[in-house]
Amino acid sequence: QVHLVESGGGSVQAGGSLRLSCASSGYTYSNYCLGWFRQAPGKERERVAHIFTAGGNTYFADSVKGRFTISQDNAKNTMYLQMNSLRPDDTAMYYCAAGPNAHGAAYCWISGAYIYWGQGTQVTVSS
């Protein structure tokens, strides 16, 4: 059974930083798509960033490029989302997700690639 647990959310002022963690159990990070998604009240879920563990290929939404980074620590089976220069429109529930990928980096673009989801961690940015 695969479990993902997010942590690190909280309330910060605009311009501040947070680092979200996603600890996993039940599998190792070989050939996986790992992603961060967010959903604000009344809005659709949005892909924030993803990484393909085998190649290190990363993607970032335009809204977070240059401010957020995604990384993984294979020894700890943990994925991180470093969020800098936070803005009020970054306020949302953030979810980590993962799924096995034997098809290559492009497969991580498919929403259905992510079959394991965490419970979410709230990020609130005040102006």
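Okay, ground rules before we start. What we have is a predicted model, where local features need pLDDT of at least 70, side-chain atom pairs count only at pLDDT 80 or more, and totals for chains, interfaces and linings use all residues. Residues are numbered from 1 along each chain as its sequence is written, and side-chain values use heavy atoms, with hydrogens and water left out.

Let's begin with the inside. By nonpolar core I mean a set of buried Ala, Val, Leu, Ile, Met, Phe, Trp, Tyr and Cys residues joined through side-chain atoms within 4.5 Å. Buried is under 20% relative accessible area, exposed is over 50%, and partly exposed is in between, using a 1.4 Å probe and protein chains only. The largest core has 29 residues, and among those with the most contacts inside it are Trp36, Phe68, Leu81 and Tyr94. Strands that each supply at least two residues of this core include E3 (18-25), E4 (32-39), E7 (68-73) and E9 (92-100). E9 gives the most, with four residues.

Have a look at Phe68. Leaving out residues up to four places away in sequence, Phe68 touches a list that includes Arg38, Phe60, Met83 and Asp90; contact means heavy atoms within 4.5 Å. There's also a second, separate core of seven residues, with Cys33, Ala97, Cys108 and Tyr114 among them.

Now, which strands does E9 pair with? One partner is E4, antiparallel, over eight bridges; two strands pair if DSSP finds at least two bridges between them. Another is E11, again antiparallel, over three bridges, and there Met93 has Gln122 as its bridge partner. E9 also pairs with E10, residues 116-117, in the antiparallel sense over two bridges, with Ala97 partnered by Trp117.

Ring pairs get described by the distance of the centres and the angle of the planes. For us, rings of Phe, Tyr and Trp (the six-membered ring for Trp) pair if their centres lie within 6.5 Å; planes under 30 degrees apart are stacked, over 60 edge-to-face, and the rest tilted. The whole structure has three aromatic pairs. One of them is Phe37 with Tyr114, edge-to-face, at 5.2 Å centre to centre and 75° between the planes. Phe37 sits in E4 and Tyr114 in the loop between E9 and E10, 77 residues apart. Both of these residues are buried.

Why is the pair of Phe37 and Trp117 called tilted? Their planes are at 50°, with the centres 4.9 Å apart, so that's the class it falls into. Trp117 is in strand E10, 80 residues from Phe37. Phe37 is at 4% relative accessible area and so is buried, while Trp117, at 30%, is partly exposed. Put together, Phe37, Tyr114 and Trp117 form one aromatic cluster.

And there's a charge in the picture too: Arg45 lies over the face of Phe37, 5.5 Å from the ring centre. The rule is NZ of Lys or CZ of Arg within 6 Å of the ring centre and within 35 degrees of the ring normal.

Last stop, salt bridges. Side chains of opposite charge can pair when their charged atoms come close. The cut-off is a side-chain nitrogen of Lys or Arg within 4 Å of a carboxyl oxygen of Asp or Glu, and that gives five salt bridges. Arg38 meets Glu46 at 2.7 Å, N to O, and also bridges to Asp90, where the closest N and O atoms are 2.9 Å apart. Asp90 is in the loop between E8 and E9, 52 residues from Arg38 in E4.

Asp90 has a further bridge, to Arg67, at 2.7 Å. Arg67 lies in the loop between E6 (57-60) and E7, so this one ties together parts 23 residues apart in sequence. How buried are these? Asp90 is at 0% relative accessibility, Arg38 at 6% and Arg67 at 10%, whereas Glu46 is partly exposed at 29%.
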